[in-house]
Amino acid sequence: MRAFRTLRFAVSTAAAGAVAAGAAAAVPAVAAPRAGSSWHVSFRVQGSGFPSFTAAAATSSTGAWAFDQQGSKAPAGYQFSGSHWTKRSFPAAAGDVVNAASASSAGNVWAFTFKGAVLRYNGSAWSQVKKFTRPVDSGLAISPSDVWAFGANLGTWHYDGHAWTRVTAAKGLESASALSASSVWAVGGTKVGHWNGHAWSFTSLASLLPKNTQLSHSRLAGVYAASANSIWVAGTGGRQDEGGPFVLLHYNGHAWSRAGENKSIGDPTGIAGDGHGGVWISIRTGFPGDGTMEHYAGGKLSSVTLPVTPAHLFLFGVTNAKGSTAPLAFGYSRTSFNAKTFTAVILRDGS
């Protein structure tokens with residue numbers, strides 16, 4: 001799997017889509033979530049070393065993997081079967097942290113770590129398929145032979161089932177979402193990129209983000225590709241400490257527009273579909289990082305009530321499988337601001 005085979009990557013400077021302000025680009029109306037939907041604590045792990053779930057990937061409405069961190073211990077992997085979570089053998093190194101996880105199916109789950117490890121679950125066991133010398137901040141698994149890895153110091157890399165190739169044209173991208181192997185959307189800084197299977201094209205969304213100040217710098221924090229005519233991007237004004245204001249941007253296949261804004265909250269840490277055409281966005285707000293959730297549905301952005309109050313919660317992200325209506329959010333909870341005991345926690349919407 002480590003044999004090197006040269007791939008040819010091209011880059012185009014053509015815009016991925018026009019940028020429009022306000023209502024110039026219509027945002028589609030989406031159905032509201034099912035009646036009676038609610039978030040609840042699905043799983044928790046207590047221990048020493050400030051335990052927290054740092055990454056998770058949903059494979060279906062009843063399947064997922066989540067990875068925890070407990071100080072200098074090796075990260076642990078937990079598999080969700082629809083009714084309970086089970087700890088599984090996971091070959092991560094002591095002191096490492098799983099920064100991101102991605103899955104295209106229950107038999108193709110990938111984990112990306114701070115120490116540069118790339119690991120894959122093939123449906124029966126985990127194995128390490130690559131070891132970079134720099135942290136992998138994010139990754140995207142489209143198929144067993146089509147995987148992207150991103151890192152601020154790593155750059156952008158692509159795996160074709162035989163070799164890993166650095167894609168210099170896509171430097172600076174931080175997270176991605178795919179509709180297919182020939183339609184990958186990614187964000188980094190204030191630009192959004194689109195891979196059409198042959199070339200990357202980029203569009204600046206800076207004009208739709210809050211204006212920079214001396215102490216704040218706007219950026220794009222996450223992307224979710226729902227369809228060719230519905231791409232969602234979470235952005236932040238980069239306000240000092242709090243990170244906000246939070247903005248939600250949308251691409252309708254022709255132009256980008258601002259779908260919603262919340263000036264009172266901060267950094268988005270993840271974005272995922274809700275299975276009805278809307279999106280969930282996990283948020284870090286306040287200092288040192290309170291956790292909350294936003295939901296966009298029916299043309300409206302609204303705050304979500306979670307089973308743990310914001311001051312006692314930190315969310316590293318949210319994940320959901322395509323078409324699923326049972327998303328998962330992951331992070332940690334604490335009893336108070338100065339608490340020395342943390343609990344790794346996974347929240348789930350739905351029964």
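A salt bridge here is a side-chain nitrogen of Lys or Arg within 4 Å of a carboxyl oxygen of Asp or Glu.

**Figure 1. R284 and D267 pair up in this predicted model.** The side chains of R284 and D267 meet in a salt bridge, with N and O 2.8 Å apart. R284 sits in strand 25 (residues 279-285) and D267 in strand 24, so the pair ties together parts that are 17 residues apart in sequence. Buried or exposed, this pair? Both R284 and D267 are buried. R219 comes into the picture too: salt bridges with shared partners join R219, D267 and R284 into one network.

**Figure 2. D290 meets R334 across two strands.** For this salt bridge the N to O distance is 3.5 Å. D290 belongs to strand 26 (residues 290-297) and R334 to strand 29 (residues 328-334), so the contact links parts that are 44 residues apart in sequence. With a relative accessible area of 6%, R334 falls under the 20% cut-off and therefore counts as buried.

**Figure 3. R258 and E261 form a salt bridge.** Here the closest N and O atoms are 3.0 Å apart. How exposed is R258? Its relative accessible area is 28%, so R258 is partly exposed. E261 is partly exposed as well, at 33%. Counting over the model gives four salt bridges.

**Figure 4. The largest pocket and its lining.** This pocket has a volume of about 1,400 Å³, and 50 residues line it. Which residues lie nearest its centre? They are A101, S138, G139, S175 and A176. Several strands give two or more residues to the lining, among them strand 4 (52-60), strand 12 (138-143), strand 16 (175-180) and strand 28 (313-319). Strand 20 (219-227) and strand 24 (267-273) are also on that list. Strand 8 gives the most, with seven residues. By residue type, the lining divides into 29 nonpolar, 17 polar and four charged.

**Figure 5. P307 and its contacts.** P307 is found in the loop between strand 27 (300-304) and strand 28. Leaving aside residues up to four places away in sequence, P307 touches W39, H40, V41 and L347. W39 is 268 residues away along the chain, yet the C-alpha atoms of P307 and W39 are separated by 6.5 Å. The relative accessible area of P307 is 40%, so this proline is partly exposed.

Figure 6. Where pLDDT is low, the predicted coordinates should not be read in detail. Over the protein chain, the average pLDDT is 89, and 88% of the residues score at least 70.

Figure 7. How much of the chain is buried? Buried residues make up 55% of its 351 residues. Taking contacts between residues at least 6 apart in sequence, 46% join residues at least 24 apart.

Terms used
Residues are numbered from 1 along each chain as its sequence is written. This is a predicted model: local features need pLDDT of at least 70, side-chain atom pairs count only at pLDDT 80 or more; totals for chains, interfaces and linings use all residues. Side-chain values use heavy atoms; hydrogens and water are left out. On a 1 Å grid over the protein atoms alone, a cavity is a set of points where a 1.4 Å probe fits but cannot get out, and a pocket is an open set with protein on both sides within 12 Å along at least five of seven lines; lining residues have an atom within 4 Å of a point. Grid points are joined across faces, edges and corners, and a volume is the space filled by probe spheres set on the points. Helices (H or I, at least four residues) and strands (E, at least two) are DSSP runs, numbered from the N terminus. Ala, Val, Leu, Ile, Met, Phe, Trp, Tyr, Cys and Pro count as nonpolar, Asp, Glu, Lys and Arg as charged, and the others, Gly among them, as polar. Buried means under 20% relative accessible area, exposed over 50%, partly exposed in between (1.4 Å probe, protein chains only). Contact means heavy atoms within 4.5 Å. pLDDT is the predictor's confidence in each residue, from 0 to 100.
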